[in-house]
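Subject: Structure handover and notes

Hello,

Please find the structure below. My notes on what was found in it follow.

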Amino acid sequence: MQLTASLRLAGAYKLQKGKSLAQQAKARQAAKERAQAERERDEQLVTRVQAGEWSAFDVLVNLYERALYNFVLSRHIDAETAVDITQESFIKAFKAIEGYDSGRASFKTWLYTIAYNLIRDKARRASVRARELEKAKRDLDQATRQHVDSPERNYLNRDYTDRLVGLLDEETRAIVAMKFYLDLTYDDIAQITGLNTPSVRCKLHRALKKMRALAPSEEVCA
C-alpha cells in the first residue's frame, strides 16, 4: 500500500495535462457519492453496535483495520508499535461509541482522529525525532548528489519520496500521509487535525513547495 501511496504522491508533483474540466467534475462527483455511501454504511453499523449488536463492530474493524494500520505505519513507527496503536484505537472507539455523534463527523474521520491523537501522544514522549530528521537530511543529500538515472525515477522511488516526506514537521507529515496515503478529503483532514480546511490546503501546498525546492528539476503541482 505504501508503494501505491508514494506513486500517488509522486503524481501530485506533475502538472496534469489533457484532463477536461468536465472529466474532473465527474471524478469529483463519483468520489463524493462513494464517500456518502461509505458514511451511510458505517452509520448503520454504528447504530447496530449502539443497540447492543457487538458483531457489527467486528465488521467495522474488518473494514478499517488494514488501512488504519498502514496509516500508523506510514508515520515512521515500527510494525509492532503500529499494531498496538491500531488495536488501542479500536478499543478506544468501542468504549466511546455510545457517545459517537454522526452529525459531527463520519465514523471513519472519528476513528482516524483517535489514532492521530494516539500517535501525537507517542510523538510527544519521544526524544529521538531531531536525530531522525538529521539522518534523513544526510541520506537525502547523498541521494541527490548521486543523481540516480533521472529526476522522474527518483520521484517514483518510494524510498526517495519517503525521505522527502521525512523532512517535513510532524503535523505536515500527518497531513501529507492522510491526503496521499489514505486519500482523505481536505474536510476530513481538517476534522482529524483540528485545523480548518483552508489551513490544511495551505499546509499541503507549502509541503509540496518545500519538496519541490529540494529537487528543483522536477515540476511540482502544489
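In these notes, two residues are in contact when they have heavy atoms within 4.5 Å of each other. By that rule, among contacts in the protein chain between residues at least 6 apart in sequence, 67% join residues at least 24 apart.

The model is predicted, and local features need pLDDT of at least 70, side-chain atom pairs count only at pLDDT 80 or more, and totals for chains, interfaces and linings use all residues. Residues are numbered from 1 along each chain as its sequence is written, and side-chain values use heavy atoms, with hydrogens and water left out.

Overall content

The protein chain has 11 helices and 0 strands; helices (H or I, at least four residues) and strands (E, at least two) are DSSP runs, numbered from the N terminus. The chain has 222 residues, of which 38% count as buried. Buried means under 20% relative accessible area, exposed means over 50%, and partly exposed lies in between (1.4 Å probe, protein chains only).

Helix 3 and helix 4

Two packed helices are described by the angle between their axes and the distance between the axes. Here, helix 3 (residues 55-73) and helix 4 (residues 79-96) have axes that come within 9 Å and cross at roughly 140°. The axes are lines fitted to C-alpha atoms, for helices over the stretch in contact, and angles run from 0 to 180 degrees between N-to-C directions. That angle makes helix 3 oblique to helix 4; under 35 degrees counts as roughly parallel, over 145 as roughly antiparallel, 65 to 115 as roughly perpendicular, and the rest as oblique. The crossing of the two is right-handed, meaning that the near helix is turned clockwise from the far one by less than a right angle.

On the helix 3 side the contact includes Phe57, Leu60, Tyr64 and Leu68, and on the helix 4 side it includes Ala82, Ile85, Phe90 and Phe94. By class, the contact has 15 nonpolar, 2 polar and 1 charged residues. Nonpolar covers Ala, Val, Leu, Ile, Met, Phe, Trp, Tyr, Cys and Pro, charged covers Asp, Glu, Lys and Arg, and the others, Gly among them, are polar.

His76 is in the loop between helix 3 and helix 4. Its phi is near 60°, a positive value in a residue other than glycine. Most residues other than glycine have a negative phi. His76 is partly exposed, at 44% relative accessible area.

Asn70, in helix 3, counts as buried at 10% relative accessibility. The C-alpha atoms of Asn70 and Ala177 are separated by 10.0 Å, although the two residues are 107 apart along the chain.

Two buried side chains

Arg173 sits in helix 9 (residues 170-181) and is buried, with 3% relative accessibility. Its side chain makes a polar contact with the side chain of Glu170 at 2.8 Å. A polar contact is a pair of N or O atoms within 3.5 Å; within protein, one must be able to donate a hydrogen and the other to accept it, and residues adjacent in sequence count only if both atoms are side-chain atoms. A polar atom of the Arg173 side chain also lies 3.3 Å from the backbone oxygen of Leu168.

Thr193 belongs to helix 10 (residues 186-193) and is buried at 9% relative accessible area. A polar atom of its side chain lies 2.8 Å from the backbone oxygen of Ile189, and the Thr193 side chain reaches the backbone nitrogen of Leu195 at 3.4 Å. Not counting residues up to four places away in sequence, Thr193 touches Tyr116, Ile175, Met178 and Val200.

Regards
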